[in-house]
Amino acid sequence: MRRSMMSRAFLAVFAAALMSLVLAACKDKDDSPIPKKEGRRTVLIYQSAQNSLGYDSMHRRDSIELVAAKNSIGDDDRLLVFTDDGRTSARLFRYDRQHKTPQLVKRWSGETDASDPEFLQQLLTFVREKFPSKEYGLVMWSHADGWLPSTNKNYRHAPRRSFGIDVGTGGNLYHDQTADGEVGTQMDIADMARAIEHSGIHLRYIFFDACLMQSLEVAYELRNTTDYIVASPIATPADGAYYTHMLQRGLFSSDPTDIARTFYSDVCTDGSISNSYGGYGLVVSCLKTEGLEELATLTSQMLSRSSLVGRTSPNMSDVQSYSSYIYKYFYRPYCFDARLAMQRLLPEADFEVWDAALARVIMYKAASSKFWIGPSSWEYLMVDTDNFCGVSMFVPQDVYTTNAERCAFGDHNENFKATSWYSAAGFAQTGW
């Protein structure tokens with residue numbers, strides 16, 4: 001009996017020692033989502049989804065699409081997805097081909113405002129420190145309204161955004177409203193630019209999976225933060241990008257134009273995918289930021305000879321636009337195609353020089369022959385596919401001042417003066 005007890009004790013000690021070895025081996029293997037060495041490229045998808053997009057679970061669908069393509073992630077590449085949807089605490093996941101499901105990297109306690117530029121800065125700093133790479137890509141996923149100012153401090157019940165919308169604790173996701181009925185917070189583009197710069201990250205590209213973000217005003221504001229911007233000048237459907245193909249062909253490609261090519265192909269040419277977009281159409285481009293200061297300087301030199309001089313309001317009615325100036329859209333301004341707008345505004349000789357500079361900035365552009373503009377299901381705009389550039393610009397007009405009191409944004413002409421592009425491109429000399 002005593003021998004039996006001793007044997008059991010010995011077996012228990014042996015088993016404990018064996019388990020210690022197993023646990024030590026597991027620890028040595030290190031299953032942490034934090035990498036031990038520098039990567040080739042880290043891509044962060046920033047899902048600001050505490051809004052109607054989150055209500056419709058668009059972010060969950062995109063996450064499923066990413067899992068379907070996880071085997072295409074290289075050993076030296078890191079894919080991170082930050083999600084703030086209001087249904088649970090904000091969290092950061094890593095996707096890789098070694099794990100069937102995403103690995104939790106970090107979870108935040110309490111309410112997180114994804115529209116707070118300080119939070120974006122802190123997250124990017126965390127990514128830079130914990131996932132060091134030779135280069136970085138950033139996908140900004142949410143609602144957006146281009147360069148227009150946010151509504152964080154004024155205007156009730158106007159569903160407009162600069163980038164993102166966060167309704168906060170107790171907010172109404174479906175209506176994009178906070179608990180007290182205000183529009184959820186948004187992030188101004190100038191604040192976004194400062195957040196990225198202060199994080200210490202310089203990006204290879206920013207891909208905006210959001211509406212109306214490919215404009216000269218947005219791009220110029222972000223020129224010091226990234227090498228390329230991939231975005232659309234139109235209001236894109238809620239489906240957004242198809243992330244299975246984005247992961248396979250775009251986000252980790254050495255050529256950022258592949259992101260735009262993939263987006264266009266999925267929406268307009270890939271029959272297996274495009275059917276889900278309902279024939280909405282797409283305009284998309286890839287812009288290189290390196291030449292934007294040259295373009296601004298050239299614009300400043302030429303605007304003194306443009307039809308804007310003397311605060312005139314040239315007829316732009318037949319110039320390609322990517323948005324409608326109507327009450328249904330709270331009098332959001334026209335987004336004119338930059339190339340065709342400047343062709344209207346400048347003398348022919350000046351335009352030829354300006355157009356050549358613009359061409360050095362636009363690395364890729366693609367457009368369907370028409371795209372849905374709404375608000376009715378049958379309302380489409382045709383695209384001048386022979387002459388468009390796929391980047392929009394704001395053109396000051398008297399009507400924006402005349403209608404300022406009825407417009408949720410106020411006076412677009414005055415708002416425009418706050419942009420870096422307004423100053424750099426010399427619009428002040430025209431009288432606007």
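Biologist: What should I know about the numbering and the atoms used?

Modeller: Residues are numbered from 1 along each chain as its sequence is written, and side-chain values use heavy atoms, with hydrogens and water left out. The model is predicted: local features need pLDDT of at least 70 and side-chain atom pairs count only at pLDDT 80 or more, while totals for chains, interfaces and linings use all residues.

Biologist: How many salt bridges does the structure hold?

Modeller: Side chains of opposite charge can pair when their charged atoms come close. A salt bridge is a side-chain nitrogen of Lys or Arg within 4 Å of a carboxyl oxygen of Asp or Glu. The structure holds 22 of these salt bridges. One of them joins Arg305 and Asp350, with the closest N and O atoms 2.7 Å apart. Arg305 is in the loop between α10 (292–303) and β11 (336–337) and Asp350 is in helix α12, so the pair ties together parts 45 residues apart in sequence. Helices (H or I, at least four residues) and strands (E, at least two) are DSSP runs, numbered from the N terminus.

Biologist: Is Asp350 buried or exposed?

Modeller: Buried means under 20% relative accessible area, exposed over 50%, and partly exposed in between (1.4 Å probe, protein chains only). Asp350 has 12% relative accessibility, so Asp350 counts as buried. Arg305, at 45%, counts as partly exposed.

Biologist: Which residue forms a salt bridge with Asp85?

Modeller: Asp85 pairs with Arg60, the closest N and O atoms being 3.7 Å apart. Asp85 is in the loop between β2 (77–84) and β3 (91–95), and Arg60 is in helix α3 (residues 58–68), 25 residues apart. Asp85 is buried at 0% relative accessible area, whereas Arg60 is partly exposed at 39%.

Biologist: Where do Arg194 and Asp191 lie?

Modeller: Both lie in helix α5 (residues 189–199), three residues apart, about one turn of the helix.
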